[in-house]
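Here is a short briefing to read alongside the model.

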Amino acid sequence: MKLTAKTDLEAPLFFLYACIADTDYWEREAVRRGVAIERPADVPLKRTGAVWLVQVPFRGRLRKFQLRIDSMVQDQSMTFSFEGQSMTGTAQLETKALSARRSRLRVTVEVKPKTLTARLFLNTLRLARRPAEARFEKRLGQLAARIEDRYAREKA
């Protein structure tokens with residue numbers, strides 16, 4: 001299943017890319033939300049090849065997966081891959097300058113099932129595609145608002 005959303009921000013491209021590439025910030029955000037994160041010792045910290053072992057509570061169970069940065073192109077895009085026990089997938093974040101002070105963030109997430117249970121879950125999600133896309137776009141809008149607030153604070 002593939003979900004795509006985009007949003008425009010009142011922040012320059014360099015700031016937007018710096019925010020999405022700030023892995024320390026995202027780790028702290030995840031921990032605040034109850035996600036357990038572990039970094040293997042033998043991998044890079046903030047560039048292509050960086051890996052996190054993540055445990056997320058979802059639907060009453062603890063879901064474990066590995067998140068890896070596959071590619072980073074400065075001020076253009078970042079690509080992540082994730083693999084868990086029942087699903088695998090990719091997430092691509094693309095940035096684009098609209099003007100000197102405006103930029104666009106486009107996020108594409110593709111998830112593929114590895115088990116029958118995951119296939120059933122994704123098929124159910126496909127049936128409710130519009131609400132799922134609406135939630136995805138809402139979350140991206142909230143992310144954009146946080147980045148805009150961060151830019152306004154640093155600019156002031």
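Start where two helices meet: Tyr25, Trp26 and Glu29 of helix 2 touch Leu143, Arg146 and Arg150 of helix 4, where contact means heavy atoms within 4.5 Å. By class, this contact of helix 2 with helix 4 has three nonpolar, no polar and three charged residues. The classes work like this: Ala, Val, Leu, Ile, Met, Phe, Trp, Tyr, Cys and Pro count as nonpolar, Asp, Glu, Lys and Arg as charged, and the others, Gly among them, as polar.

Before going on, please note that this is a predicted model, in which local features need pLDDT of at least 70 and side-chain atom pairs count only at pLDDT 80 or more, while totals for chains, interfaces and linings use all residues. Residues are numbered from 1 along each chain as its sequence is written, and side-chain values use heavy atoms, with hydrogens and water left out.

**Helix 2 against helix 4**

- The axes of helix 2 (residues 23–32) and helix 4 (residues 129–155) come within 15 Å and cross at roughly 125°.
- That angle makes helix 2 oblique to helix 4; angles under 35 degrees count as roughly parallel, over 145 as roughly antiparallel, 65 to 115 as roughly perpendicular and the rest as oblique.
- Axes here are lines fitted to C-alpha atoms, for helices over the stretch in contact, and angles run from 0 to 180 degrees between N-to-C directions.
- The crossing of helix 2 with helix 4 is right-handed, a term used when the near helix is turned clockwise from the far one by less than a right angle (anticlockwise gives left-handed).
- Helices (H or I, at least four residues) and strands (E, at least two) are DSSP runs, numbered from the N terminus.

**Helix 1 against helix 4**

- Helix 1 (residues 13–20) also meets helix 4: their axes come within 11 Å and cross at roughly 115°.
- This crossing of helix 1 and helix 4 is right-handed.
- Phe15, Leu16, Cys19 and Ile20 of helix 1 make the contact with Ile147, Arg150, Tyr151 and Glu154 of helix 4.
- Six nonpolar, no polar and two charged residues make up the contact of helix 1 with helix 4.
- How much of helix 1 is buried? Six of its eight residues are, namely Leu13, Phe15, Leu16, Tyr17, Cys19 and Ile20; buried means under 20% relative accessible area, exposed over 50%, and partly exposed in between (1.4 Å probe, protein chains only).

- Seven strands form an open sheet in the order 1-7-6-5-4-3-2, with antiparallel pairing.
- Strand 1 (2–9) and strand 2 (36–38) stand at the edges with a single partner strand each, so one side of each has no neighbour in the sheet.
- From one strand to the next, the twist averages 20°.
- Helix 2 packs on the sheet, touching strand 2, strand 3 and strand 4 (61–73), and its direction makes about 145° with that of strand 2.
- Helix 4 packs on the sheet as well, touching strand 1 and strand 7 (103–113), and its direction makes about 30° with that of strand 1.

**Strand pairs**

- Two strands pair if DSSP finds at least two bridges between them.
- Three bridges join strand 2 to strand 3 (residues 51–58) in the antiparallel sense, and Ala36 stands opposite Gln55 in strand 3.
- Strand 3 and strand 4 are antiparallel over eight bridges, with Val51 partnered by Arg68 in strand 4.
- Eight bridges also link strand 4 to strand 5, again antiparallel, and Gln66 has Glu83 in strand 5 as its bridge partner.
- Strand 6 (residues 87–97) runs antiparallel to strand 7 over 11 bridges, with Leu93 opposite Val107 in strand 7.
- Strand 1 pairs with strand 7 over eight antiparallel bridges, and Lys6 has Arg106 in strand 7 as its bridge partner.

**Hairpins and positive phi**

- The hairpin of strand 3 and strand 4 has two residues between the strands, and Arg59 takes a positive phi near 50° there.
- Asp75 lies in the loop between strand 4 and strand 5 (77–84), in a hairpin with three residues between the strands.
- Although Asp75 is not a glycine, it has a positive phi of about 60°.
- Asp75 is partly exposed, with a relative accessible area of 26%.
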